[in-house]
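Hi everyone, thanks for coming. I'd like to walk you through one structure today, so let me put it on the screen.

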Amino acid sequence: MMDDLTLLGFGPDGWAPLLLKGCLLTLAVSATSMAIGTVLGVLLAWARLKGPRWLRRTALVYGVVLRGVPELLVILLLYFGLPSLILSLSETFGWEAPGLPPPFLIGSVSVGLVSAAYQAEIFRGGVGAIPRGQFEAARAMGFGDLMCFHRIVLPQVTRIVLPALGNVWQFNLKDSALIAVTGLSELMRTSLVAAGSTRHPFLFFGVAMALYLVLTTLSSTAFHYGGRYSNRWDRG
Amino acid sequence: MEEHLTFIGSVTAQLVRAVPVTLLILAVSGVCATVLATGLTAMSVARSPLPRLIQRTWTFLFRGTPLILQIFMIYYGFAMVPWIRHGILWAAFRDPVFCTCLAMTCCCSAYIAEIFRGALAAVPRGEIEAGRACGMTGFMLLRRVIAPSLIRIALPSYSNEIIMMTKSTSLASTITVLDITGVAQQVIAHSYRTLDVFCAAAALYLLINATLSTLLTALERRLDVDRAPTPLAPIPPTLEPLS
């Protein structure tokens with residue numbers, strides 16, 4: 001028991017600082033991938049709703065593929081496939097071979113790409129939930145597309161999609177654990193290394209689980225209050 | 001070019017041989033998780049607080065942590081627990097396929113139970129009261145009134161969860177199971193042709209998911225008795241002028 005406490009402490013043999021750093025890195029990766037997912041997701045939703053036919057098709061296929069392929073496979077594909085792709089591209093065009101992209105970037109991009117596919121569906125649904133009459137009214141008032149987006153869509157969609165985005169965030173947080181396979185020392189990877197080098201896997205995986213529970217609980221609370229705040233005028 | 005095609009062909013053949021492993025994990029954990037979720041749903045509406053507390057804790061624990069961590073906990077963590085290591089359970093816990101199935105059963109049962117719970121809340125109360133009024137009790141009420149509605153309401157979300165589970169089976173490869181992803185990684189270790197191999201694996205997963213989703217949508221249609229009847233053929237406009 002004493003032994004366990006030393007291992008989890010802040011002393012020279014303790015893993016606490018590394019585990020906490022892992023937590024921060026997990027949060028950072030999840031936040032980055034969420035941001036990538038939101039930007040790409042908005043573009044995809046726009047393509048599905050307003051784009052020309054070929055773009056609509058492309059966005060549809062993107063959604064089907066990225067939601068039908070395991071996240072682990074996407075991460076492995078980008079992590080192992082991207083370097084060889086970059087290398088062969090630079091050979092064909094005669095560029096100087098650039099360095100390999102850092103694991104943080106690859107990890108957050110791959111989780112972000114998957115997240116975008118889910119977020120696109122959410123945004124599309126959110127725009128669909130706005131009454132059609134409002135768009136007609138906007139057009140009758142002479143609103144352009146941009147004005148319509150800014151004044152009609154944006155204020156309402158953020159409110160409508162917030163709970164669903166909270167769900168995606170939870171999935172992002174958990175998917176970020178898969179980035180451990182690339183060697184990025186986020187929470188999962190740190191607990192794996194700790195478990196391997198101390199031979200106390202039960203202890204360290206247990207602690208990692210507890211830390212993930214803290215992260216998911218805190219963020220779901222944050223989304224709960226965010227939702228209450230964004231609906232503050234909507235309560236009778 | 002031709003060499004490339006032969007390579008992709010042979011890789012696909014190797015990957016297809018791993019499909020049964022993926023499907024086995026999916027089937028075992030899918031069935032077990034559904035059964036367990038049914039139990040958890042029953043616990044969530046129990047009168048005494050203890051089963052409700054257990055259900056809530058179960059959901060909190062397994063939905064709040066990544067599945068990969070649960071798999072590692074069961075495969076590596078439990079192996080260090082003396083009474084498992086030296087007990088009769090060791091035969092099961094040293095098998096990575098069993099560990100994956102166990103972790104996925106626990107994790108997905110939590111998700112499916114939430115789906116069932118939501119569907120149960122959506123079953124019209126009047127129907128249940130009417131059943132009671134007709135003298136149905138317990139099991140008969142469940143079988144004749146609650147279950148038919150509940151299954152129809154839950155099916156779309158349930159299908160989504162099954163697709164999610166198919167994707168989750170790939171995590172088995174992280175604890176040495178040679179499922180589709182595992183074999184793909186093995187082939188890459190020999191051939192270094194990452195893109196081809198992973199794309200072939202992705203295509204297989206897509207195929208499995210497309211098949212599952214088609215089957216489940218067909219089931220949904222089949223069960224949808226309330227669906228509006230097929231519209232009648234439009235009445236052709238009469239050509240003769242009305243006199």
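Let's begin in chain B, with residues 20–46: their end C-alpha atoms sit 39 Å apart, and the span is 93% helix and 0% strand. Please keep in mind that we are looking at a predicted model. Residues 197–219 of chain B are 100% helix and 0% strand, with 33 Å between the end C-alpha atoms. Where do these ranges come from? An unreviewed UniProt entry lists residues 20–46, 67–85 and 197–219 of chain B under "transmembrane region".

Now over to chain A. Here we have nine helices and zero strands, which gives the pattern α-α-α-α-α-α-α-α-α along the sequence. Along the principal axes, the C-alpha atoms of chain A fill a box of roughly 75 × 60 × 25 Å. Of the 236 residues in chain A, 36% are buried. Among the contacts in chain A with a separation of 6 or more, 74% are between residues 24 or more positions apart.

One helix pair I'd like to show you is helix 2, residues 16–50, and helix 7, residues 145–175, both of chain A. Their axes come within 9 Å and cross at roughly 130°. Helix 2 of chain A and helix 7 of chain A are therefore oblique to each other, and the crossing is right-handed.

Which residues of helix 2 and helix 7 of chain A meet? From helix 2 we have A:Ser30, A:Ser33 and A:Met34, and from helix 7 A:Trp169, A:Asn172 and A:Leu173. By class, that contact holds three nonpolar, three polar and no charged residues.

That's my tour, and I'm happy to take questions.

How values were computed:
Residues are numbered from 1 along each chain as its sequence is written. Chains are lettered from A and ligands numbered from 1 in the order in which they are written. This is a predicted model: local features need pLDDT of at least 70, side-chain atom pairs count only at pLDDT 80 or more; totals for chains, interfaces and linings use all residues. Axes are lines fitted to C-alpha atoms, for helices over the stretch in contact, and angles run from 0 to 180 degrees between N-to-C directions. Helices (H or I, at least four residues) and strands (E, at least two) are DSSP runs, numbered from the N terminus. Angles under 35 degrees count as roughly parallel, over 145 as roughly antiparallel, 65 to 115 as roughly perpendicular and the rest as oblique. A crossing is left-handed if the near helix is turned anticlockwise from the far one by less than a right angle, and right-handed if clockwise. Two residues are in contact if their C-beta atoms, placed from the backbone, lie within 7 Å. Ala, Val, Leu, Ile, Met, Phe, Trp, Tyr, Cys and Pro count as nonpolar, Asp, Glu, Lys and Arg as charged, and the others, Gly among them, as polar. UniProt positions are given in the numbering used here, feature names are shortened, and annotations may be inferred rather than shown by experiment. A residue is buried if 20 or more other C-beta atoms lie within 10 Å of its own, exposed if 12 or fewer, and partly exposed in between; C-beta atoms are placed from the backbone.
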